[in-house]
Amino acid sequence: MAKLLKYEFRKSRGALLALLVSTVLGEVMLLGGILFLPQDAFLLRGEPNLSNGTVFLLTVGTGILVLAGTFGVMLCSLLPMWTLRRELNSSQSCMLFLIPERSYAVLGAKVLEDVVVLAVSVLIFGLLSVADFLLLAWRGGGLVQFSEILLPQNLDMEKVGDVCSTLGMSALVWLTILMVCFFAIVMQASLLRGKRGSFWISLLIVLFLAIMILRAGSLLPEGNTAIKVLAHAGIVVLLYLLSGWIMEKHLSI
Amino acid sequence: MNFDTSIPIYLQVVNDLKGKVASGQILSGEKLPSGRELAQQYQINPNTAARVYQVLEQQGICETRRGLGTFVVEQEEIQKTVREEMAKDLARKFLERMKALGFTVEEIGKILKEEGK
Amino acid sequence: MTLCTKEAEKGYGRKKALQGVTFDIEPGNIYALLGPNGSGKTTWMKMAAGLLHPSAGGVLWENHPVCWKDRAEIAFLPTEDYLYGWMSVNEVGKYYQDFFADFSMDRYQALLRQMELDGNQKVRTLSTGMRAKCKVAVTMARAAKVYLLDEPFNGIDLLARDSILQVILASSDPENAIVISSHLVEEIESAVNRAIFFRNGLMAADLDIEELRTREGKSLADKYRELMQ
């Protein structure tokens with residue numbers, strides 16, 4: 001599995017590198033903007049007198065980070081699946097199926113790559129946003145005010161928990177959607193192979209399943225994150241096993 | 001070596017090797033290449049190469065010594081014997097074909113003398 | 001170990017690529033798998049390599065139906081251009097080394113030298129002929145028990161073909177079997193010792209070639225013409 005994972009990351013190398021570079025760029029710009037911010041700029045009366053350069057760095061830097069953290073991560077997580085689609089539908093499928101590995105492992109490596117990318121991204125962007133926020137607050141002079149919000153008296157574990165679970169939940173929901181896409185791709189490559197419009201049919205499958213899942217999700221009792229997490233995890237596992245089974249039994253190279 | 005693929009290849013290699021013994025290219029008692037080496041040399045299937053040595057052994061031209069390899073038999077006369085045998089074989093075939101064209105043995109003899117000059 | 005094919009069938013919808021073939025592939029032999037396009041040769045090879053599931057019957061290796069684990073002992077060379085374009089020739093070797101215990105990097109490098117391939121070149125920049133050579137090199141650098149080569153000479157020039165044939169001959173030993181599917185009947189005649197003929201998804205003949213020459217005075221090419229007319 002480790003070897004398969006190594007090659008999966010190798011295939012996504014370009015995109016992941018681009019994501020890393022843009023994140024670093026955005027962060028550097030933001031830090032630069034914060035640096036040029038006059039100390040306690042937000043505490044002064046009236047409009048803070050900021051140079052155009054500082055404004056540029058702050059806004060563009062933040063913008064890049066936000067885009068990287070959302071679209072960037074989403075695109076990177078779509079890549080293993082897109083690669084699978086290309087591999088299964090071309091002669092390169094031989095490269096995956098010549099080797100003595102089960103289809104479950106081959107698919108599993110791709111899903112695992114996504115899990116790792118999502119987890120690491122959530123962690124990094126989460127930490128970055130907290131750090132940047134604190135830095136901005138400190139520089140802008142509002143650290144005392146902000147720290148009053150953040151200090152233990154006002155810092156409910158619940159609030160922190162809320163933030164974490166929102167991030168985590170979004171990642172999990174996204175993973176579920178990715179899993180639905182994997183399933184559709186495997187379906188298209190095996191059962192629907194060669195049939196006309198198979199791509200559109202599989203797209204419909206994705207939409208149908210995604211809607212069903214989200215509908216079902218809204219039926220669950222509110223506030224009970226544990227059940228939601230389990231439900232999503234369950235769907236991910238189910239789709240994985242199903243996709244793996246289809247690949248193993250029905251895929252003709 | 002270019003083979004006539006409608007005749008067994010092993011026979012053609014056997015003849016080639018016998019020819020080398022007959023002309024002295026391979027000497028009595030000399031070590032012959034292993035089956036695999038023979039296959040590489042002539043670019044033939046290893047099974048065919050093995051068969052070549054089987055036949056040569058049957059014909060008493062070579063022998064396998066356990067652990068050492070295949071050798072041409074240690075006989076002074078071997079070159080002469082093989083030469084004579086091959087000559088007779090060639091002659092027989094030649095005569096057959098000439099007779100099929102309608103020549104008598106005397107006529108064949110005359111032609112050979114002429115051509116031999 | 002013998003690769004046994006028993007009544008193997010494969011259908012795609014109404015079409016039947018294989019209609020029930022039975023034969024054995026035994027070690028110590030080099031087989032020619034011959035037949036016109038569409039006769040089922042590639043289908044059989046993919047089945048024997050564990051890439052296809054039979055509709056009926058099947059191929060047995062070590063007394064069980066061929067499965068994914070057997071790919072570690074059965075080497076398959078597809079006709080398709082299957083190497084990742086983004087890999088370099090050396091990286092292709094590393095990939096094989098990572099997944100196949102019987103792969104020898106030394107042997108691979110030696111074969112690359114023999115075929116004059118540059119290890120640092122990316123596959124996508126290689127010509128068709130060079131890609132074909134690379135495929136052969138990486139497959140023959142394995143010490144497999146069975147080699148299934150599907151048209152290994154496609155797109156390869158004469159000298160390189162001679163070179164590949166040399167490699168195939170050198171790889172043959174009493175413990176392994178090599179099956180070559182090719183249209184170049186005359187070129188492989190002296191290298192192979194057994195021939196299996198396919199026609200319309202059925203096996204038309206399974207014979208020893210030297211015996212063919214002895215008994216019928218025919219070459220493999222002659223026999224092909226006789227069977228396929």
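Between chain C and chain B of this predicted model, the count is ten residue pairs in polar contact, with both partners at pLDDT 80 or more. A polar contact is a pair of N or O atoms within 3.5 Å; within protein, one must be able to donate a hydrogen and the other to accept it, and residues adjacent in sequence count only if both atoms are side-chain atoms.

Residues are numbered from 1 along each chain as its sequence is written, and chains are lettered from A in the order in which they are written. Local features need pLDDT of at least 70, side-chain atom pairs count only at pLDDT 80 or more, and totals for chains, interfaces and linings use all residues, while side-chain values use heavy atoms, with hydrogens and water left out.

The contact of chain C with chain B (heavy atoms within 4.5 Å) takes 22 residues from chain C and 17 residues from chain B. Together the two chains bury about 1500 Å², 45% of it on carbon and sulfur atoms; buried area is the accessible area (1.4 Å probe) that two parts lose on being put together, summed over both. Within chain C, the residues that lose the most area to chain B are Leu169(C), Ser190(C) and Glu210(C), together 38% of what that side buries. The largest share, five residues, comes from α5(C). By class, the side of chain C that touches chain B has six nonpolar, nine polar and seven charged residues.

Attention now turns to chain A. Chain A and chain B do not touch, their nearest C-alpha atoms being 28 Å apart. Of the two pairs of chains in contact, chains A and C share the most contacts. Here 27 residues of chain C and 23 residues of chain A take part, and the area buried is about 2500 Å², of which carbon and sulfur atoms give 63%. Trp68(C), Tyr84(C) and Phe99(C) supply 27% of the area that chain C buries against chain A, more than any other three residues.

Two salt bridges join chain C and chain A. In one of them, the side chains of Arg10(A) and Glu91(C) meet at 3.0 Å, N to O. Helix α2 (residues 89–99) of chain C gives the most to the side that touches chain A, with six residues. That side divides into 15 nonpolar, two polar and ten charged residues.

The largest cavity has a volume of about 60 Å³, and its lining includes Leu98(A), Tyr96(C) and Arg142(C). The second largest cavity, of about 50 Å³, is lined by residues including Val173(A), Ala210(A) and His232(A).

Notes:
A salt bridge is a side-chain nitrogen of Lys or Arg within 4 Å of a carboxyl oxygen of Asp or Glu. Helices (H or I, at least four residues) and strands (E, at least two) are DSSP runs, numbered from the N terminus. Ala, Val, Leu, Ile, Met, Phe, Trp, Tyr, Cys and Pro count as nonpolar, Asp, Glu, Lys and Arg as charged, and the others, Gly among them, as polar. On a 1 Å grid over the protein atoms alone, a cavity is a set of points where a 1.4 Å probe fits but cannot get out, and a pocket is an open set with protein on both sides within 12 Å along at least five of seven lines; lining residues have an atom within 4 Å of a point. Grid points are joined across faces, edges and corners, and a volume is the space filled by probe spheres set on the points.
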